[in-house]
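Reader: Please take me through this model, one question at a time.

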Amino acid sequence: MSGPAVIAAGETAQSVTERICAVTLREGARPWTPLWWWVAFAVSLGLLGTGVISVAWLFYAGLGIWGIDWPVVWGLDILNYVWWIAIASGGTFISALFFLLGVEWRTALNRLAESLTLCAALCAAIFPILHLGRPWFFYWLFPYPNTMGLWAQFRSPLAWDFFAILTYVFASILFWYFGLLPDLATLRDRAGRPGQRVFYGVLALGFRGSGRQWRHYRAVYAVMAALMAPLVVSVHSIVGMDFAGSAGTGWHSTQFPPFFVFGAALSGFAVVLVAILPLRALLGLQAYVTARHIDVLGRLFLTSSLCVAYAYLMDAFSTFYGSDPAERTMFVLRVFGLYAPVYWGTIILNILLPQLLWWRAVRMTAPLIWLIGLGVLVGMWLERFQIIVTSLARTQMPSSWGQYTPTIWEWSLLFGTIGLFLTTFLLIVRLMPVVAMAEMRAMLRGGVG
Amino acid sequence: MIVAAFATEKGMREAAAEMRHGDCGFVETYMAMEPWEAEVGVKGGSVLPAVMLGGGIVGGLGGFLMQAYATTVSYPQNIGGRPDLSWPSYVPATFELAVLGAVVAGMAGFLLLAGMPRLYEPADEADCMRGAMLGSYVLVVRPADSAEARRVLARHAPIGIKEVAE
């Protein structure tokens with residue numbers, strides 16, 4: 001694709017190393033952590049605090065403090081889980097899939113994108129544990145020989161989901177850390193303060209850039225990327241099967257696995273955009289995250305929105321092409337009933353708003369594309385609300401219909417995970433190199449990136 | 001052990017080639033980005049993709065057999081009338097465990113073959129070694145004849161050279 005350069009003119013391997021190290025090691029005229037970081041960190045900790053209180057009260061009082069009940073037995077807990085795990089996908093798509101495709105623009109984005117994946121996956125992993133009636137027995141999910149003689153129900157998508165999330169979180173951490181090793185070694189050798197040298201020295205594990213280390217590093221990184229790409233698709237397919245595997249109205253559909261992959265890509269690209277745009281200005285990364293990156297992300301964003309639109313259309317089509325009156329009734333109620341604002345909010349924010357990205361001028365206007373990204377994140381949350389809550393509230397039997405209103409403890413848990421996400425992400429931004437220096441150097445030389 | 005730093009990759013490459021050609025002893029290159037294999041004299045691919053394949057097979061096969069054992073021998077249940085050995089439903093967890101096995105094998109194998117973690121090496125005593133991950137190009141030589149090795153290295157204009165005890 002033609003367009004602006006992926007890196008500013010005049011940048012060299014040396015200038016990349018110096019600029020990124022200066023951001024992380026706080027070298028130069030301003031050796032202290034900037035004020036904006038402290039303000040953002042304080043706000044994040046405040047949000048995290050609400051989550052801690054919410055979880056503490058949940059452990060004390062039990063699930064009765066939430067608004068879930070029969071028939072809406074899944075509420076914000078599973079909604080937030082699906083939302084967060086979808087957000088996590090963006091980093092893997094950019095880091096692994098586009099590595100395999102050999103695109104140059106990925107190099108400047110992959111570190112921040114992978115970090116977003118880690119933080120979001122961490123938030124997602126909390127909810128399946130908390131939504132258990134007795135969360136202290138969560139380890140029963142592990143298939144281990146036990147005196148009760150019980151095993152997980154391996155034919156259930158919920159059991160598959162456990163393996164998927166376990167693998168995804170663990171593999172994402174390893175992929176992120178493995179990719180960091182050369183940059184940690186650079187920080188170790190560049191750091192001036194003894195504390196920094198010890199910190200990065202221990203984390204670098206003794207990586208020194210020997211020919212032997214690079215040979216094995218390159219081989220393992222490529223295979224890991226080749227594994228992460230299908231892994232992220234499998235994870236979201238399995239999350240889709242959590243719903244499709246049941247007989248619930250609005251759920252029992254073979255299109256759910258790709259539908260969830262499309263949604264994951266949309267929210268993943270949205271969160272990368274929403275995070276990158278302010279950080280690019282705050283950390284002075286304009287030379288590395290150029291107009292080309294914003295343009296490419298905007299195009300990916302638009303493409304995934306069109307995929308989601310296709311899934312929404314197919315959802316409506318298959319409902320009315322089929323002959324199940326309960327499915328049709330549920331769909332009509334979803335569009336015109338009590339939760340209609342949720343449905344139309346989803347359509348507006350996920351489908352209509354991103355259409356503005358057809359115009360290059362919109363893609364290139366940072367505040368506009370940032371707002372569209374934020375809108376999509378809200379829209380994807382609403383989409384999960386309509387999938388989970390509307391379906392459960394309008395089951396096959398009208399006598400079993402109900403409604404669901406989240407309580408303050410569910411909202412505070414959502415905001416608490418937003419705090420956890422921001423806190424961990426800000427710590428990574430502060431302590432780790434925000435751009436993959438070794439890959440940038442290789443790209444500048446024209447080598448393997 | 002002699003540690004020599006060069007300002008350019010070309011300088012290091014030529015010095016390494018001459019040292020290897022003259023059979024001056026063990027030579028290892030250090031640099032801050034992935035080297036072109038032919039240029040630094042590293043021959044052959046890594047065995048780690050095969051190790052990761054092995055890890056994947058162990059993880060996947062182990063996962064499949066665990067599910068088969070649990071549902072046929074240890075705790076058979078009638079789920080929707082399916083046979084006990086309903087293998088299609090084992091596929092998702094088998095795939096996930098195969099990926100997990102491969103990734104863990106890759107990381108563990110890398111640490112083993114790359115000699116990590118190793119926080120200290122005698123070569124670290126040379127100041128110029130610190131430049132390897134910062135943009136200079138470093139050769140570490142374990143020569144049979146130290147004086148001859150220094151003469152060869154000096155011909156390629158190193159920006160730093162130091163002999164350290166092993």
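Reader: Which residues of helix 13 of chain A does helix 3 of chain A meet?

Author: This is a predicted model, where local features need pLDDT of at least 70, side-chain atom pairs count only at pLDDT 80 or more, and totals for chains, interfaces and linings use all residues. Residues are numbered from 1 along each chain as its sequence is written, and chains are lettered from A and ligands numbered from 1 in the order in which they are written. Helices (H or I, at least four residues) and strands (E, at least two) are DSSP runs numbered from the N terminus, and contact means C-beta atoms, placed from the backbone, within 7 Å. From helix 3 of chain A come A:I78, A:L79, A:V82, A:W83 and A:A86, and their partners in helix 13 of chain A are A:M380, A:W381, A:R384, A:F385 and A:I388.

Reader: How many residues of that contact between helix 3 and helix 13 of chain A are nonpolar?

Author: Ala, Val, Leu, Ile, Met, Phe, Trp, Tyr, Cys and Pro count as nonpolar, Asp, Glu, Lys and Arg as charged, and the others, Gly among them, as polar. The contact of helix 3 with helix 13 of chain A has one charged residue and no polar ones. The nonpolar count is nine.

Reader: Are helix 3 and helix 13 of chain A parallel, antiparallel, perpendicular or oblique to each other?

Author: Axes are lines fitted to C-alpha atoms, for helices over the stretch in contact, with angles from 0 to 180 degrees between N-to-C directions. The axes of helix 3 (76–100) and helix 13 (366–393) of chain A come within 9 Å and cross at roughly 140 degrees. Angles under 35 degrees count as roughly parallel, over 145 as roughly antiparallel, 65 to 115 as roughly perpendicular and the rest as oblique. Helix 3 and helix 13 of chain A are therefore oblique.

Reader: How is helix 5 of chain A oriented relative to helix 7 of chain A?

Author: Helix 5 (157–190) and helix 7 (211–244) of chain A have axes 9 Å apart, at an angle of about 150 degrees. The pair is therefore roughly antiparallel.

Reader: Is the crossing of helix 5 and helix 7 of chain A left-handed or right-handed?

Author: A crossing is left-handed if the near helix is turned anticlockwise from the far one by less than a right angle, and right-handed if clockwise. Helix 3 of chain A passes helix 13 of chain A in a right-handed crossing. For helix 5 and helix 7 of chain A, the crossing is left-handed.

Reader: Which helix of chain B gives the largest share of the side that touches chain A?

Author: The contact takes 51 residues from chain B and 52 from chain A. Elements giving two or more residues on the chain B side are strand 2 (25–30), helix 2 (37–40), helix 3 (48–74) and helix 4 (91–113). The largest share, 13 residues, comes from helix 4 of chain B.

Reader: What separates the centres of the two domains of chain B?

Author: Domain bounds come from an automatic or database domain assignment. Domain 1 of chain B covers 2–40 + 119–163, and domain 2 covers 48–113. Over C-alpha atoms, their centres are separated by 45 Å.

Reader: Which loop of chain B holds B:P117?

Author: B:M116 and B:P117 are joined by a cis peptide bond, with omega about -5 degrees. B:P117 lies in the loop between helix 4 and strand 3 (137–143) of chain B.

Reader: What is the mean pLDDT of chain B?

Author: pLDDT is the predictor's confidence in each residue, from 0 to 100. In chain B, 95% of residues reach 70 or more. The mean pLDDT of chain B is 88.

Methods
Two residues are in contact if their C-beta atoms, placed from the backbone, lie within 7 Å.
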